[in-house]
Amino acid sequence: MDLGIAGKRAIVCAGSKGLGRGCAEKLAEAGVEIILNARGAEALEATATEIAATGARVTAIAADITTPEGREKVLAAAGQVDILVNNAGGPPPGLWSDWSREDFIKALDGNMLTPIAMMQAVIPGMIERGWGRVVNITSAAVRAPIAQLGLSNTARTGLTGFVAGTSRQVAGKGVIINNLLPGLHATDRAVSLDTAAAQAQGITIEEAAAQRAATIPAGRYGTRAEFGAACAFLCSQYAGFIVGQNIMLDGGAANISI
Ligand code: NAP
């Protein structure tokens, strides 16, 4: 299927690994030029080189997207942007009483205020040109909150509220914003969660992964290719009537289909 976005330019934040990388790969496959961001230069350059080897145009910008300087660096390198994929690392788990004001500010900065700042930076140009797509990578925890992820639940639902209003204010100008909500996916983050579960229960990482996969109706973790393909579709010419949605990619884990 031709997504009709060849020649567009995308910023993919936090895209050297995992879900962000999946989005960059599938957008590149659709002919989109990629401005690829992450903090660690080595993994970033390696991913950029692999994607470029498929014939895509890729520029790697090493920067912490949760800082004003990092965002400035990425935006300056990108210039005119048609597509924005917002992503960053998730906040740590814990108990409701663990977190200080500083912990909340950090989570809000990373997973709410950063994507909002990126949208505020690129949407005016998209409106001017009458076309734009934004996908925010949030979490299945937005619709099915996870008890120990209080910081994430708090920041990501805040972002979701902003998108609910903003997406409807800009849809008539050709700018389409949606959120993708990952459940368990086979990324580095999943491996570290499996490792923690294995240590806590005195079992192997494979056993812990199998236990967690068994809680998913699909019987497995999602892949970055599946996630990236959903992202690329939401960035396509065909997604113009999908506005402000929160789309679960969780293998059916959360029983909230209705
Ligand atoms: P991952 O495999 O650990 O990859 C994270 C990527 O983000 C890496 O490329 C990392 O590179 C980059 N990154 C992290 N912090 C950054 C920052 N401040 N600035 C720029 N780049 C940054 O993680 P993932 O599994 O793809 O998860 C992506 C997001 O989805 C996270 O917010 C996670 O909480 C959420 N999520 C994931 C799952 C899942 O099952 N995988 C489920 C629900 C929600 P550097 O470290 O080099 O910067």
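**Cavity, ligand shell and selected residues**

A search of the whole structure finds 1 cavity of 30 Å³ or more. The structure is a predicted model, in which local features need pLDDT of at least 70 and side-chain atom pairs count only at pLDDT 80 or more, while totals for chains, interfaces and linings use all residues. Residues are numbered from 1 along each chain as its sequence is written, and side-chain values use heavy atoms, with hydrogens and water left out.

A cavity is a set of points, on a 1 Å grid over the protein atoms alone, where a 1.4 Å probe fits but cannot get out. Grid points are joined across faces, edges and corners, and a volume is the space filled by probe spheres set on the points. The largest cavity has a volume of about 80 Å³. Its lining residues (those with an atom within 4 Å of a point) are N86, N87, A88, G110, N111, T114, P115, I137, R156 and L159. Two elements give two or more residues each to this lining: helix 4 (101–129) and helix 5 (150–170). Helix 4 contributes the largest share, 4 residues. Helices here are DSSP runs of H or I with at least four residues, and strands are runs of E with at least two, numbered from the N terminus. By residue class, the lining holds 4 nonpolar, 5 polar and 1 charged. Nonpolar covers Ala, Val, Leu, Ile, Met, Phe, Trp, Tyr, Cys and Pro; charged covers Asp, Glu, Lys and Arg; the others, Gly among them, are polar.

The ligand is surrounded by 28 residues. The closest are S16, L19, R39, A88 and T187. A88 also lines the largest cavity. A polar side-chain atom of S16 lies 2.7 Å from an oxygen atom of the ligand. For L19, a backbone N or O atom lies 2.7 Å from a ligand oxygen atom. For G40, a backbone N or O atom lies 2.8 Å from a ligand oxygen atom. Taken alone, the ligand exposes 880 Å², of which the protein buries 89%. Accessible areas come from the Shrake-Rupley method with a 1.4 Å probe; for residues, only the protein chains shown count as cover. Helix 1 (18–29), strand 2 (33–38) and helix 6 (188–201) each supply at least two residues of the shell. The shell divides into 9 nonpolar, 13 polar and 6 charged residues.

Several individual residues were also examined. A14 is in the loop between strand 1 (9–12) and helix 1. Its phi is near 50°, a positive value in a residue other than glycine. A14 is partly exposed because its relative accessibility is 21%, where buried means under 20%, exposed over 50% and partly exposed in between. T66 belongs to the loop between strand 3 (58–62) and helix 3. T66 is partly exposed at 26%. T66 and C13 are 53 residues apart in sequence and 9.9 Å apart in space, C-alpha to C-alpha.

K73 is found in helix 3 (residues 68–78). With a relative accessible area of 47%, K73 is partly exposed. K73 and W131 are separated by 58 residues in sequence and by 23 Å in space, C-alpha to C-alpha. Q211 is found in helix 7 (residues 205–213). Q211 counts as partly exposed at 40% relative accessibility. Q211 and N153 are 58 residues apart in sequence and 24 Å apart in space, C-alpha to C-alpha.

Note on methods
1 Å grid on protein atoms, 1.4 Å probe; cavity = no way out; pocket = protein on both sides within 12 Å on 5 of 7 lines; lining within 4 Å. Near = heavy atom within 4 Å. Polar contact = N/O pair within 3.5 Å; in protein donor to acceptor, adjacent residues only side chain to side chain. Buried < 20%, exposed > 50% of the residue type's maximum accessible area, 1.4 Å probe, protein only.
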